Amino acid sequence: MNVNLTPKPINFKFGEYINKGFELLKKDFGGVFVGFLVTFLMSIIPFCGILAMGNFYKYLRKLKNNQNPSAGEIFDFKDFMSYFTLQLIIIGGVIVLYIPFIVFGGIAGATADSNGEISPVFPILMFPYMFVMLFAIYYFMLKGFYILPLISFKRNYRH
């Protein structure tokens with residue numbers, strides 16, 4: 001089985017995309033602003049921020065395609081479980097990233113002398129961990145940036 005996995009080149013036109021965004025904003029500033037406010041309001045509800053953002057993407061796409069959407073469509077809970085699962089994965093990932101930090105804190109507390117000064121073991125362990133944690137956070141943020149539009153537009157999810 002021979003599979004060719006050569007990616008297609010992408011011609012990213014940042015200026016053109018910004019201009020299209022401003023044109024959409026000029027087209028219906030009031031609708032976009034009300035949609036933003038509804039998204040902001042819904043983001044206050046626990047576990048609904050990602051759902052609100054995904055529904056705001058759908059709202060803006062309908063606005064771009066002249067389908068006359070209403071800001072109330074942002075309160076649609078049809079795909080809630082997909083977004084909720086994504087939220088739980090993000091929370092679980094953050095917890096997993098912080099487990100070594102808690103362990104290193106325990107090591108620092110256990111190795112501290114009577115004056116409260118820690119041994120050099122803690123900084124030696126902590127310094128590489130912070131680089132690994134920073135790299136992991138940025139890596140998964142970049143990967144996860146595309147998950148929300150995939151769920152919103154392509155219905156690319158599994159229950």
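Start by selecting K20 and E16: they form a salt bridge, with the closest N and O atoms 3.4 Å apart. (A salt bridge here is a side-chain nitrogen of Lys or Arg within 4 Å of a carboxyl oxygen of Asp or Glu.) Both residues sit in helix α1 (residues 14–27), four residues apart, about one turn of the helix. Helices are DSSP runs of H or I, at least four residues, numbered from the N terminus. E16 counts as partly exposed at 35% relative accessibility; buried means under 20% relative accessible area, exposed over 50%, partly exposed in between (1.4 Å probe, protein chains only).

Before you go on: this is a predicted model, where local features need pLDDT of at least 70, side-chain atom pairs count only at pLDDT 80 or more, and totals for chains, interfaces and linings use all residues. Residues are numbered from 1 along each chain as its sequence is written, and side-chain values use heavy atoms, leaving out hydrogens and water.

K26 is exposed at 64%, while E23 is partly exposed at 47%.

Next, select K62 and E73, whose closest N and O atoms are 3.1 Å apart in a salt bridge. K62 belongs to helix α3 and E73 to the loop between α3 and α4, so this pair ties together parts eleven residues apart in sequence. The search of the whole structure finds four salt bridges.

N55 is buried, at 2% relative accessibility. Leaving aside residues up to four places away in sequence, N55 touches E73, I74 and D76 (contact means heavy atoms within 4.5 Å).

F47, in the loop between α2 and α3, has a positive phi near 65 degrees without being a glycine. N66, in the loop between α3 and α4, also has a positive phi, about 55 degrees, and is not a glycine either.

Last stop: colour α4 (residues 80–111) and α5 (residues 121–144), which pack at about 170 degrees with their axes 10 Å apart. Axes are lines fitted to C-alpha atoms over the stretch in contact, and angles run from 0 to 180 degrees between N-to-C directions. That makes the two helices roughly antiparallel, the word for angles over 145 degrees. Among the residues making the contact are F101 and F104 of α4 and F122 and Y129 of α5.

Conventions
Parallel < 35°, antiparallel > 145°, perpendicular 65-115°, else oblique.
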